[in-house]
Amino acid sequence: MYARAARAWIYERPSEDAKHIGYLRAGGAVAVVREVEGRAGCPGGWHALTTRGHVCAGVSATLEAADPVVRALGSNLPDPARKLPYIYGTVRKPGAVYARLPNRSELATTEPDLEQRMQAWLGAGGEIGASFAQNVWLGGPGELPDPAAVWREHRTEGVPEFLSSGAALPNLHQKPREPGQLVIGHARARVGFSFVTTFLAEGRRYGLTPELEIVPTDRLRPIQGSDFHGVQLGEKVSFPFALVRQPGARYVVYQRSGNRLLEGETAPYREAVPLSGRKQFFHDVLHYETKDGKWLSDRDASRLDPAKKMPGWAVKGERWIDVNITKQTLVLYDGTKPVYATLISSGEAGLEDSKHTTATKRGIFRIHAKHVSTTMESDEVGEEFELRDVPYVQYFDDDGHAIHGAYWHDKFGIPKSHGCINLAPEDARRIFYFTEPAVPDGWHGAFEPLRGTTVFIHP
């Protein structure tokens with residue numbers, strides 16, 4: 001069964017009144033039993049998935065691999081084997097979003113300053129120019145052709161067959177659209193786009209979004225995503241240890257004779273440093289002793305220890321997540337056994353009231369909804385943003401707070417979010433596949449109220 005709508009719901013039973021337990025995203029496919037299990041509320045027939053649940057063949061899902069939406073997206077699904085499930089970029093220069101590939105004569109109307117702007121982009125340095133991280137657009141290994149040569153030669157490469165000869169993309173959301181309409185939207189500032197693939201057309205690189213839109217990548221800043229990740233706990237790393245959360249942090253050596261602290265070498269940023277277990281205040285600042293006799297300030301590093309008292313769910317053998325807001329750390333437990341630890345970015349308001357600020361809500365929760373990716377946005381004045389396909393999202397309350405990957409920053413270890421718990425992409429992926437509810441292969445989201453993995457968030 002193939003999804004041909006933005007979401008094709010998976011129902012607990014073959015009935016439109018049954019509970020949603022998950023969904024497929026456009027282009028996604030799952031194995032189903034071919035025999036129909038009734039047609040109540042579903043003229044096309046209900047089909048049971050081989051995992052669990054039922055899907056209605058009809059407007060949102062089809063058994064036909066030749067469906068236009070399936071042809072466009074079926075071979076470009078999110079890839080859990082790479083750091084980020086999609087290719088990402090954030091808008092640098094707002095501009096048109098297209099329903100089909102524009103030719104150069106059409107671009108003279110939709111983007112009349114294009115030639116001038118392309119020359120400026122090709123010649124600019126730093127993160128605003130064509131020399132910055134363009135390999136991101138390949139979505140994996142490969143040799144990226146020189147953007148200046150590509151533009152000069154009007155080169156076309158890799159255009160999907162379904163976009164050839166000026167063909168328009170399927171109207172995934174069925175929004176009103178004139179016949180032959182070219183421009184269907186506007187890429188605004190503070191928007192992050194995701195792409196399933198990119199290609200060259202008449203010298204320009206375009207990205208195809210999972211929403212079946214075409215966006216020129218020269219208007220975007222390519223997103224590489226943080227390479228940081230946490231540490232596996234076991235023989236090589238065990239409690240107590242510290243995660244260095246400040247760049248440029250230095251060890252200090254205490255000289256007892258002069259009651260002085262001597263500055264030492266730089267501590268390894270965001271790495272695990274074994275501790276002796278001793279701690280002491282020097283000049284009113286708490287320090288932790290390393291196993292080789294140096295000291296680390298708690299302003300620069302977070303000390304991690306096992307839970308002082310194991311909660312009941314841990315004793316029963318449940319997996320759970322321990323989040324410490326003050327230390328900006330997260331530890332995964334399999335029952336009473338700690339298995340993984342990392343740095344987070346929680347709400348930027350720290351330990352303030354979460355009801356009226358961007359602080360992260362504290363308490364005991366259960367994960368109730370998981371999405372391989374989903375859009376997050378804010379229309380708060382001065383804080384407007386739209387981030388497409390935020391990766392590996394796990395909602396733990398009814399106010400929209402979640403544990404999720406963040407592709408737009410690399411400040412893990414420092415409060416930065418609007419209340420969610422931000423993780424580096426690799427950590428978000430690891431934790432997503434550690435927790436319940438499980439998201440079966442082919443599904444894009446799964447729901448299970450009251451029964452998901454426990455999340456304990458505390459100061």
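1. Ring pairs join Y86, Y88, Y407 and W408 into one cluster; rings of Phe, Tyr and Trp (its six-membered ring) pair if their centres lie within 6.5 Å, with planes under 30 degrees apart counted as stacked, over 60 as edge-to-face and the rest as tilted. The model is a predicted one, in which local features need pLDDT of at least 70 and side-chain atom pairs count only at pLDDT 80 or more, while totals for chains, interfaces and linings use all residues. Residues are numbered from 1 along each chain as its sequence is written, and side-chain values use heavy atoms, with hydrogens and water left out.

2. The search of the whole structure returns 19 aromatic pairs. One of them is Y86 with Y88, an edge-to-face pair with 6.4 Å from centre to centre and 80 degrees between the planes. Y86 and Y88 are both buried, where buried means under 20% relative accessible area, exposed over 50% and partly exposed in between (1.4 Å probe, protein chains only).

3. Which class does the pair of Y392 and F432 fall into? The ring centres of Y392 and F432 are 5.3 Å apart and the planes stand at 55 degrees, so the pair is tilted. Distant parts of the chain are linked by this pair: Y392 belongs to strand 28 (residues 385–395) and F432 to helix 6 (residues 425–432), 40 residues apart. Helices (H or I, at least four residues) and strands (E, at least two) are DSSP runs, numbered from the N terminus. Y392 counts as buried because its relative accessibility is 1%, and F432 is likewise buried, with a relative accessible area of 1%.

4. Two charged side chains sit over aromatic rings, the criterion being NZ of Lys or CZ of Arg within 6 Å of the ring centre and within 35 degrees of the ring normal. K294 lies over the face of Y251, at 4.8 Å from the ring centre. R319 lies over the face of F434, at 4.2 Å from the ring centre.

5. Is strand 10 (residues 191–195) mostly covered or mostly open? Strand 10 is mostly covered, with 5 of its 5 residues buried. The cover extends to both faces: V191, F193 and F195 are buried on one side, and G192 and S194 on the other.

6. Strand 10 has pairing partners on which the following may be noted; two strands pair if DSSP finds at least two bridges between them. Strand 7 (residues 87–91) and strand 10 run antiparallel and are joined by 4 bridges, and Y88 stands opposite S194 of strand 10. With strand 28, strand 10 pairs in the parallel sense over 2 bridges; there, E386 of strand 28 is the bridge partner of V191.

7. An open sheet of 6 strands has mixed pairing and the order 15-25-24-23-32-26. Its edge strands are strand 15 (231–232) and strand 26 (363–366), each of which pairs on one side only. Within this region, strand 23 (residues 319–324) and strand 24 (residues 329–334) pair in the antiparallel sense over 6 bridges. N324 stands opposite T329 in strand 24.

8. Helix 6 lies across strand 15, strand 23, strand 24 and strand 25 (337–343), and runs at about 150 degrees to strand 25. Contact means heavy atoms within 4.5 Å; axes are lines fitted to C-alpha atoms, for helices over the stretch in contact, and angles run from 0 to 180 degrees between N-to-C directions. Helix 6 is mostly covered, 6 of its 8 residues being buried. These buried residues are P425, D427, A428, R429, I431 and F432.

9. How many disulfides does the search of the whole structure find? It finds 1 disulfide, the term denoting a pair of cysteine sulfur atoms within 2.5 Å. C42 and C56 form it, with their sulfur atoms 2.0 Å apart, and the link is right-handed, with 100 degrees about the S-S bond. C42 lies in the loop between strand 3 (20–25) and strand 4 (46–48), and C56 in strand 5 (residues 54–56), 14 residues apart. C42 counts as buried because its relative accessibility is 0%, whereas C56, at 22%, counts as partly exposed.

10. E161 is exposed, with a relative accessible area of 55%. Between the C-alpha atoms of E161 and A99, which are 62 residues apart along the chain, the separation is 15 Å.
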